[in-house]
Amino acid sequence: MKSRFYVTTPIYYVNADPHIGHAYTSFAADVLARYHRLRGDEVFFLTGTDENSQKNVEAAEKRKMPVQKYVDEMSARWRTIFDSLGITNDDFIRTTEPRHRKGVEKFINAVQRSGDIYPGTYQGYYCVGCEAFVGEVDTVDGKCPIHQIKLKKIKEKNYFFKLTKYRKKLLDHINKYPEFIQPETRKNEVIRYITDFMEDVSITRQSQKWGIPFPGDEKQALYVWFDALVNYLTGIGYGLDAKKFKKFWPADVHLVGKDIIKFHCALWPAMLMSAGLELPKRVFAHGYFTVNGEKISKSLGNTIDPLAASQKFGIDALRYYLLREIPFGGDGDYSETRLVERYNSDLANGIGNLASRILSMAEKYADGKVPKHVPGSAAPTWQSYELKMKELSLDGALSDIWDLIRTLDGFIDREQPWVLAKTNPKHLQATLYTLLESLRHVGLLLWPFMPETAEKILDSLGVLESSRQNNYDKNKSWGTLKAETKIRKTAPLFPRRDI
Ligand code: MSP
């Protein structure tokens with residue numbers, strides 16, 4: 001039976017255009033989705049936009065636009081940008097869609113039935129930047145420590161969710177399933193939060209007009225996080241398509257930035273427990289990108305447009321740089337100088353040069369055809385790569401591919417096919433087969449990360465498109481490249497660039 005794989009990104013606020021940090025999360029999720037498609041799994045990859053936020057209301061007001069019109073336009077923009085970046089999400093959920101609202105209502109009813117919602121009064125600071133309450137102790141001069149905005153103290157009658165009822169159950173779950181929260185440092189952060197700081201949360205807003213009306217007291221709007229998290233369910237049919245929902249829930253991975261770990265590892269699982277639903281198998285929090293050492297922010301004017309960067313360097317080069325530069329889970333810095341350095345060393349001189357060397361030699365010494373099969377193996381690379389992918393060490397998997405690239409370069413230098421052409425033609429043909437077949441493996445291994453490049457490599461080796469996402473076991477075994485297949489040399493994959 002086919003395995004199923006359901007991966008999500010956070011749904012993004014649409015108060016501005018996407019920047020490189022958002023593209024980073026989506027690229028990473030795309031790599032996972034493609035990897036599982038390569039394995040032949042049945043994949044569902046969900047992304048979307050978080051529209052019931054006050055941030056969006058403020059952004060619309062600034063532009064003097066009706067909020068709905070504003071979020072319609074912005075959501076469409078985000079969608080087009082992700083498409084242009086080659087993101088292969090299977091659906092795109094918007095939290096202003098009726099299908100989402102319907103699912104949220106069903107979800108709230110389930111939570112209500114568990115007796116987990118009660119009326120109360122909220123008094124305290126609220127930060128629109130965080131879309132969260134900020135405890136008195138966390139404020140700095142009456143400002144939010146993250147967004148530096150002066151906070152308003154609000155007092156209103158709200159409905160609360162009994163988050164603290166789930167304290168023990170949450171801790172038990174985290175201890176029982178070590179892979180639930182990753183990486184480890186984040187897990188410790190979450191445990192500390194749940195143990196020492198977690199309180200019941202107010203899940204409605206009396207003063208807000210924009211949002212999903214709270215079922216049961218329609219004068220109150222539902223707190224945006226309480227509605228947004230449910231997208232992971234409504235995006236796969238919760239409340240509408242029971243069959244689809246059953247097929248894909250629980251999610252295999254929620255990919256999130258480290259900034260929103262508490263929402264995903266405390267509030268969300270407690271909400272699911274309350275609604276009687278299974279918890280996601282894994283929440284993985286990646287780190288944050290700065291730009292030339294500074295926090296990415298609109299006010300600093302240092303946001304990097306991922307589309308412009310991809311047009312300048314190519315989507316694959318951008319994907320490679322972002323995913324290779326920092327260990328997945330850690331923080332890092334985006335710099336164009338560094339991108340160009342990596343482009344030249346790893347892409348132009350690495351994979352680009354290797355592919356061109358191998359294909360040229362096949363043309364010159366084997367009449368542009370695959371020679372006779374000889375035994376070999378790529379199993380150690382695949383084993384290590386699969387392990388890294390399982391651990392979500394995306395940089396690690398890339399590093400395995402580049403180890404193979406270096407090994408193949410070394411093999412060519414040692415074997416010296418140009419000498420063999422004069423001294424040992426039989427061994428030359430065996431060497432060429434080994435190189436061509438190894439290049440096929442490089443192409444497949446690369447496919448989740450650099451799809452365009454991988455396609456070009458596989459095309460030049462005459463690997464049929466129809467076979468690329470089928471027969472995973474056969475594809476990764478040695479020797480499927482058939483003798484006599486015509487080789488087509490391609491234009492250089494990554495022409496060198498000047499800094
Ligand atoms: N709408 C909420 C998420 C709701 S999910 C139920 C939200 N949206 S966001 O647009 O502000 O950010 C979403 C995600 O974008 C972050 O969690 C993170 O994955 C990514 N990033 C935003 N800035 C980033 C960096 N500077 N670096 C890396 N990733 C960044 O929070």
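User: Is glutamine 416 exposed, partly exposed or buried, and what's its relative accessibility?

Analyst: Glutamine 416 counts as partly exposed, because its relative accessibility is 33%. The cut-offs are under 20% relative accessible area for buried, over 50% for exposed and in between for partly exposed, with a 1.4 Å probe and protein chains only. Before you read on: this is a predicted model, where local features need pLDDT of at least 70, side-chain atom pairs count only at pLDDT 80 or more, and totals for chains, interfaces and linings use all residues. Numbering runs from 1 along each chain as its sequence is written, and side-chain values use heavy atoms, leaving out hydrogens and water.

User: Where does glutamine 416 sit?

Analyst: In the loop between α15 (394-415) and α16 (417-423). Glutamine 416 has a positive phi of about 45 degrees, although it is not a glycine. Helices here are DSSP runs of H or I with at least four residues, strands are runs of E with at least two, and both are numbered from the N terminus.

User: And what's the phi of aspartate 367?

Analyst: Positive, about 60 degrees, and aspartate 367 isn't a glycine either. Its loop lies between α13 and α14 (379-390). Aspartate 367 counts as exposed, at 58% relative accessibility.

User: New topic. Which residues does a cis peptide bond join, with omega about -5 degrees?

Analyst: Glutamine 182 and proline 183. Proline 183 is in the loop between β8 (181-182) and α6 (184-197). Another cis peptide bond joins tryptophan 249 and proline 250, with omega about 5 degrees.

User: OK, helix packing. At what angle do α12 and α13 pack?

Analyst: About 100 degrees, with the axes of α12 (residues 315-325) and α13 (residues 336-365) 10 Å apart. That makes α12 roughly perpendicular to α13, a label for 65 to 115 degrees. Axes are lines fitted to C-alpha atoms over the stretch in contact, and angles run from 0 to 180 degrees between N-to-C directions.

User: Which residues make the contact?

Analyst: Among them are Tyr320, Tyr321 and Arg324 of α12 and Arg342, Tyr343 and Asp346 of α13. Contact means heavy atoms within 4.5 Å.

User: Last one: which residues of α4 are buried?

Analyst: His100, Gly103, Val104, Phe107, Ile108, Ala110 and Val111. They cover an arc of only 155 degrees around the axis, so they are on the same side of α4; that arc is taken from the directions from the helix axis to the C-beta atoms. Pro98 and Arg113 are exposed on the other side of α4.

Methods. Parallel < 35°, antiparallel > 145°, perpendicular 65-115°, else oblique.
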